[in-house]
Amino acid sequence: MAESATTDVYHPNAKWEWLEPLCLSGSVNLAFETSQGVSWPVLLDDIARDQALVINITAVPALAKRLIDGEAFRLIGHVNGAMVCTSPLVVLEPLEALEGFTLRCQYPEFLSTTHRRGTFRAPIRPDMGIVATLSVGSPGTMMQAEIRNLSLGDAYWR
C-alpha cells in the first residue's frame, strides 16, 4: 500500500486554490462527523471566497433535516491526485433555488490534503531537461535517457 502525506492548509489563497477545482468539477462528497466513513454525493455549487460555500443536496434530500439542524459535516473531493477534506462545517441557511435544494455553509477554517506517495504527476515543461539512468536487464547494463512530455509534441525516440 502506498504511503500518504497529509498537509493542513490555512492560508486563504491556498485554500481557494484547492476549493476552486472542486467547484469547477462540482462533485464532492459530504460526510457527517458522526458517519464513520459513510459519505453522500453532493455538488459544490459556489464559493463566496473567505465567506461561505454553497452546496446542492438535490441528489440526497434526506440529508436536509440533519444539515439544517446544525449537524457538523465535512466536504471531501479529489484535486490533482490529492484528496481534499474541509474542516468541520455547518449550514448557515437554506437558499431558495429555481432547481434543487441548496444550502449556504461556513467557509472552511482549514483544508486537509492527502497525497498518496507515488501518485503525484509533476508537469514537465519544454525547457526542463530531465536526465535519467536506467538499469536494463543484467546488473551493470546502464542506459541514459531523457524524460520528456510527449503531449507537447516531443518525439518518443531520439
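Modeller: Before we start, my exposure words: buried is under 20% relative accessible area, exposed is over 50%, and partly exposed is in between (1.4 Å probe, protein chains only). This is a predicted model, so local features need pLDDT of at least 70 and side-chain atom pairs count only at pLDDT 80 or more, while totals for chains, interfaces and linings use all residues. Residues are numbered from 1 along each chain as its sequence is written, and side-chain values use heavy atoms, with hydrogens and water left out.

Biologist: Fine. How many salt bridges does a search of the whole structure find?

Modeller: Four, taking a salt bridge as a side-chain nitrogen of Lys or Arg within 4 Å of a carboxyl oxygen of Asp or Glu.

Biologist: Which residue does R74 pair with?

Modeller: E33, with N to O at 2.7 Å. That pair links distant parts of the chain, 41 residues apart: R74 is in strand β5 (73-79), and E33 is in the loop between β2 (27-32) and β3 (40-48). Helices (H or I, at least four residues) and strands (E, at least two) are DSSP runs, numbered from the N terminus.

Biologist: Why does R74 count as partly exposed?

Modeller: Because its relative accessibility is 23%. E33 is also partly exposed, because its value is 39%.

Biologist: And D69, which residue does it form a salt bridge with?

Modeller: K65, the closest N and O atoms being 2.6 Å apart. Both D69 and K65 are exposed. E71 and R66 make another salt bridge, at 2.8 Å from N to O. R66 counts as partly exposed, because it has 31% relative accessibility.

Biologist: Switching to the inside: in the largest nonpolar core, which residues touch the most other members?

Modeller: L30, L44, I55, L67, F73 and L75, out of 30 residues. A nonpolar core here is a set of buried Ala, Val, Leu, Ile, Met, Phe, Trp, Tyr and Cys residues joined through side-chain atoms within 4.5 Å. Helix α1 gives the most to this core, with five residues.

Biologist: What does I55 touch?

Modeller: Leaving out residues up to four places away in sequence, its contacts (heavy atoms within 4.5 Å) include L30, L44, F73, L75 and C105.

Biologist: Which residues form a nonpolar patch on the surface?

Modeller: L134, V136 and M143, with about 230 Å² of accessible area together. Areas come from the Shrake-Rupley method with a 1.4 Å probe; for residues, only the protein chains shown count as cover. Patch residues have over 30% relative accessible area and no salt bridge; like charges are joined within 9 Å, nonpolar side chains (Val, Leu, Ile, Met, Phe, Trp, Tyr) within 5 Å. L134 lies in strand β10 (130-135).
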